[in-house]
Amino acid sequence: MNLVATQIASLVGLHLPPPLALFLTLAFIVFLFRRDIRERPNVSGALWLPLLWLLLGCSRPFTTWLNIFGLPVPFSGGSSEEGNPVEASFIYAMAIAGLFALSQRQISFPEVLQRNGWMVAFIAYCFISIVWSDYPFVSFKRVTKIFNHPIMALIVLTEPDFEEALTRLMKRCAYVVVPVSILWIKYYSWLGTSYDDWGAQMNQGIAIGKNSLGADCLILGFFFFWHLLQTWRTERSTQRQNELRLIAGFLIGIGWLLAKAHSATSTIALFVAILVYVFVGIRPTIKNFIGTYTLAALALLVAAELAFGISGRLSESLGRGSELTGRTELWKHCLQFQANPIFGAGFESFWLGERRDKIAAFYTKWRPGGAHNGYLSIYLNLGLIGLCLLIGLLITTFWKIRLELFRNFEWGRYRLGILMAVVLRAWTEETFATYGALWFVFYIIALDYPRTYLMTAQPSVEASRSEESRELAYATGEL
């Protein structure tokens with residue numbers, strides 16, 4: 001496993017001829033996947049479906065990859081409203097394959113729906129909002145794409161060992177995203193970099209834009225930090241030593257990419273997620289009062305924002321200006337064109353047609369295509385009803401995590417860290433109801449699945465009663 005650290009260090013620090021760097025990167029990726037498969041993890045072949053979905057969310061659309069590999073893409077060159085039939089067909093094919101994989105498992109879908117009422121309500125409202133969209137067909141095509149998130153998340157959660165499945169999913173994703181991003185930024189700049197509307201160069205790696213690369217680093221960086229602590233507690237062995245070296249190598253690469261991306265929001269979100277994870281671990285008794293602490297922290301943040309404009313001051317300290325790189329001005333313009341505050345413009349419909357042109361008229365050097373605020377974006381597209389459903393979904397997810405801290409403390413801490421990262425990143429980036437990888441990971445930590453259906457042996461009656469008694473005591477405040 002010294003090869004991992006050496007390979008990543010060579011990509012980051014050395015200057016190799018591009019063909020040699022490409023060869024070493026491909027060989028490195030093949031080596032990692034062969035090592036992973038030879039370990040014979042307790043996962044099924046269906047896990048390759050959510051891996052492919054996560055890789056697409058972390059990188060670029062399917063048709064863009066076809067172009068990169070020099071393959072012709074039919075119907076390309078259409079408008080963003082029309083979309084591409086090839087891209088849509090591929091996404092629908094993945095959904096069908098995912099549903100087929102789930103149909104082979106003993107899953108009680110009625111109970112899944114019952115346990116995730118707020119998520120079902122939010123997704124259902126996204127579909128219903130098509131009715132009043134000015135572009136219903138476009139809205140329909142876009143909303144059906146995000147339906148892949150819960151399908152792929154359920155595949156992960158219904159694996160025989162869902163924590164092992166999550167570990168393999170994230171590691172395999174990192175095997176591609178991290179080395180390819182480093183390779184493209186250092187040696188293939190026409191792929192790994194882009195330019196903003198002001199002509200400034202941005203490092204995007206395998207993703208689309210620096211903020212998307214920052215989101216990739218947020219997801220993978222927090223996972224490897226969590227995996228590091230889990231591995232550190234295991235018994236000393238050669239396998240443990242090799243795994244620690246692998247983790248260290250990828251953390252170095254992720255840190256380098258995060259610095260190159262200059263994504264302040266993702267950096268702050270990652271820092272807060274790690275801070276929350278560590279704090280809960282240092283004081284395990286905090287799980288008894290996690291709701292009170294969280295409510296107090298939110299109240300403090302809101303008060304600080306209203307009184308001192310803390311987000312602007314933090315942005316200014318990071319060299320971005322007190323206006324959050326022009327975001328606050330953009331938010332004001334967006335609110336001027338919200339014609340339906342109750343129901344919204346319809347799913348992903350606000351930035352279509354005349355509204356986008358009218359908002360773009362306020363700017364001379366760039367043409368905004370999004371609100372750069374997840375909460376505002378939901379309000380613009382889905383109105384107050386959609387925003388309330390989203391807040392309800394976030395609250396119920398937090399409540400599930402609160403209970404999880406008593407059942408599986410380490411998994412609960414991981415879920416809590418991701419939730420905090422999602423909530424924070426959405427303040428300056430569109431995060432909710434998108435096709436991005438972070439929203440897919442949110443589904444993994446938000447879905448409540450009755451895992452007892454996957455157990456080959458039923459637990460004893462005494463154990464079941466003990467577990468129920470503990471949850472009941474906790475829910476009533478006796479723990």
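Which residues in H12 meet which residues in H14?

Modeller: Happy to walk you through that, with the reminder that this is a predicted model. On the H12 side, the residues are Asn211, Gly214, Ala215, Cys217, Leu218, Gly221, Phe222, Phe225, Trp226, Leu229 and Gln230. They meet Ser266, Ala269, Leu270, Ala273, Ile274, Tyr277 and Val278 in H14. Sorted by class, this contact of H12 with H14 holds 13 nonpolar and five polar residues, and no charged ones.

Now the geometry. Two packed helices are described by the angle between their axes and by the distance between those axes. H12 covers residues 210–232 and H14 covers residues 264–282; their axes lie 9 Å apart, at an angle of about 20°. Angles under 35 degrees count as roughly parallel, so H12 is roughly parallel to H14. The crossing of H12 with H14 is right-handed.

Helix H10 (residues 162–187) packs with helix H13 (residues 238–261) at an angle of about 45°, and the axes are 10 Å apart. H10 and H13 are therefore oblique to each other, and their crossing is left-handed. From H10, the contact takes in Lys171, Ala174, Tyr175, Val178, Pro179, Ser181, Ile182, Ile185 and Lys186. From H13 come Glu243, Leu246, Phe250, Gly253, Ile254, Trp256 and Leu257. By class, the contact of H10 with H13 has eleven nonpolar, two polar and three charged residues.

Setting aside neighbours within four places in sequence, Arg168 is in contact with Asp36, Glu39, Pro41, Val43 and Leu47.

Finally, the nonpolar core. The largest one has 131 residues, and Phe122 and Tyr414 have the most contacts inside it. H10 gives the most to this core, with 17 residues. As for Phe122, not counting residues up to four places away in sequence, it touches Ile378, Leu382, Gly386, Leu389, Leu390, Leu393, Ala433 and Trp439.

Definitions and conventions. Residues are numbered from 1 along each chain as its sequence is written. This is a predicted model: local features need pLDDT of at least 70, side-chain atom pairs count only at pLDDT 80 or more; totals for chains, interfaces and linings use all residues. Side-chain values use heavy atoms; hydrogens and water are left out. Axes are lines fitted to C-alpha atoms, for helices over the stretch in contact, and angles run from 0 to 180 degrees between N-to-C directions. Helices (H or I, at least four residues) and strands (E, at least two) are DSSP runs, numbered from the N terminus. Angles under 35 degrees count as roughly parallel, over 145 as roughly antiparallel, 65 to 115 as roughly perpendicular and the rest as oblique. A crossing is left-handed if the near helix is turned anticlockwise from the far one by less than a right angle, and right-handed if clockwise. Contact means heavy atoms within 4.5 Å. Ala, Val, Leu, Ile, Met, Phe, Trp, Tyr, Cys and Pro count as nonpolar, Asp, Glu, Lys and Arg as charged, and the others, Gly among them, as polar. A nonpolar core is a set of buried Ala, Val, Leu, Ile, Met, Phe, Trp, Tyr and Cys residues joined through side-chain atoms within 4.5 Å. Buried means under 20% relative accessible area, exposed over 50%, partly exposed in between (1.4 Å probe, protein chains only).
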